[in-house]
Amino acid sequence: MQSKSSCQSILFFQNLTLVYRWIGRTIGTCALVFGLFTGSHCSITDTDSDQAINLALLAFLSQTEFIPYSVTFKATWSAATHSGGTLGIPANPHFSIPVGAVHSPVLNFWQTGQRASNGLEKLAENGDFTPVDSEMLNGGAISVFYGTAFDSPGSVTMKFSVTKDASAVTLLSMVAPSPDWFVGVGSVDLKEQGAFVSSKTMDLYMYDAGTDSGAAFIAADLDTNPQAPISLIADTPLVGNPVGTFTFKRQ
Ligand SMILES: [Ca+2]
Ligand SMILES: [Ca+2]
């Protein structure tokens with residue numbers, strides 16, 4: 001399982017900087033072309049271009065509202081809640097570093113009945129927060145965020161920001177130890193009927209990524225080939241008995 005201290009949205013701001021510079025360069029180029037056609041005495045220097053970049057940055061920031069949220073992953077999975085099923089419970093129940101993404105609600109990076117991506121396979125089998133994070137960024141997410149691994153029962157809180165267009169969140173964490181089981185939500189829209197919710201709590205159930213055929217929490221690696229669709233784990237008492245919650249709160 002990967003180990004990493006909390007890392008916050010670095011890629012997003014790197015990408016944003018590139019966008020700002022592109023906007024600034026475009027404005028500078030347009031001004032230069034305008035000057036050539038009008039014959040106006042306007043020389044475009046690096047300073048002018050930098051000023052254009054700063055103006056574009058200010059304009060972008062003034063028009064984009066970032067709404068801060070926190071999400072608390074509270075795990076209740078323990079011998080006290082889940083020892084009665086045929087699966088039992090492992091000796092050291094825990095969850096991998098949660099990885100989240102902020103994106104448009106029209107995007108959905110996983111759901112039951114579909115095949116898991118390579119990144120989701122790595123997360124569900126090994127607890128790796130990458131490459132599923134870069135998969136989501138490459139797929140249109142505006143930012144990604146991370147928590148820390150923790151024993152269950154326990155909890156971790158993460159922070160992120162949404163916008164009016166990127167108002168949805170996807171959040172994933174491996175059930176550990178397990179063959180390819182995970183908890184998560186896909187494309188939860190924090191904007192309902194046009195307004196951002198102040199608080200929202202969702203029960204968590206275990207899913208099988210369909211990428212390893214191990215049948216118990218501790219089992220030898222057994223790659224599922226061909227890959228099976230993602231499914232809710234049907235073993236009792238897991239169904240109808242959540243293993244925890246995600247609680248989103250507007251800050
Ligand atoms: Ca499986
Ligand atoms: Ca596999």
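This is a predicted model: local features need pLDDT of at least 70, side-chain atom pairs count only at pLDDT 80 or more; totals for chains, interfaces and linings use all residues.

The questions below start with the whole chain and then move to single elements and residues.

Me: Among contacts between residues at least 6 apart in sequence, what percentage join residues at least 24 apart?
Reply: The contacts considered are those between residues at least 6 apart in sequence. The share of them that joins residues at least 24 apart is 76%.

Me: Which element gives the largest share of the largest nonpolar core?
Reply: The largest nonpolar core has 49 residues. Val99, Val102, Leu123, Ala124, Val175 and Phe182 have the most contacts inside it. The largest share of this core is 7 residues, and they come from β7.

Me: How many residues of strand β3 are buried?
Reply: Strand β3 covers residues 99-103. On one side Val99, Ala101 and His103 are buried, and on the other Gly100 and Val102 are buried, so both faces are covered, as a residue counts as buried with 20 or more other C-beta atoms within 10 Å. The number of buried residues in β3 is 5 of 5.

Me: Which residue in β7 is the bridge partner of glycine 100?
Reply: β3 is joined to strand β4 (residues 143-146) by 4 bridges, and the two run antiparallel. In that pairing valine 99 stands opposite tyrosine 146. β3 is also joined to strand β7 (residues 168-176) by 5 bridges, again antiparallel. There, the bridge partner of glycine 100 is leucine 171.

Me: Why does alanine 168 count as buried?
Reply: Alanine 168 lies in strand β7. Its contacts, leaving out residues up to four places away in sequence, are His103, Ser104, Pro105, Ser187, Val188 and Asp189. The cut-off for a buried residue is 20 or more other C-beta atoms within 10 Å. Alanine 168 counts as buried because its number of C-beta neighbours inside 10 Å is 22.

Me: What distance separates the C-alpha atoms of alanine 168 and valine 102?
Reply: Along the chain, alanine 168 and valine 102 are 66 residues apart.

Me: Which elements do the buried residues of α4 pack against?
Reply: Helix α4 (residues 118-126) is mostly covered, with 7 of its 9 residues buried. Among the buried ones are Leu123 and Ala124. Ala124 touches residues including Met174, Trp181 and Phe182. The elements that the buried residues of α4 pack against are β3, α5, β7 and β8.

Me: Which strands stand at the edges of the open sheet of 4 strands?
Reply: The order in this antiparallel sheet is β6-β1-β14-β11. Inside the sheet, 7 bridges join β1 (residues 67-75) to β14 (residues 244-250), and lysine 74 has threonine 245 as its bridge partner. A strand with a single partner has one side left without a neighbour in the sheet, so the edge strands are β6 and β11.

Note on methods. Residues are numbered from 1 along each chain as its sequence is written. Chains are lettered from A and ligands numbered from 1 in the order in which they are written. A residue is buried if 20 or more other C-beta atoms lie within 10 Å of its own, exposed if 12 or fewer, and partly exposed in between; C-beta atoms are placed from the backbone. Two strands pair if DSSP finds at least two bridges between them. Two residues are in contact if their C-beta atoms, placed from the backbone, lie within 7 Å. A nonpolar core is a set of buried Ala, Val, Leu, Ile, Met, Phe, Trp, Tyr and Cys residues joined through C-beta atoms within 7 Å.
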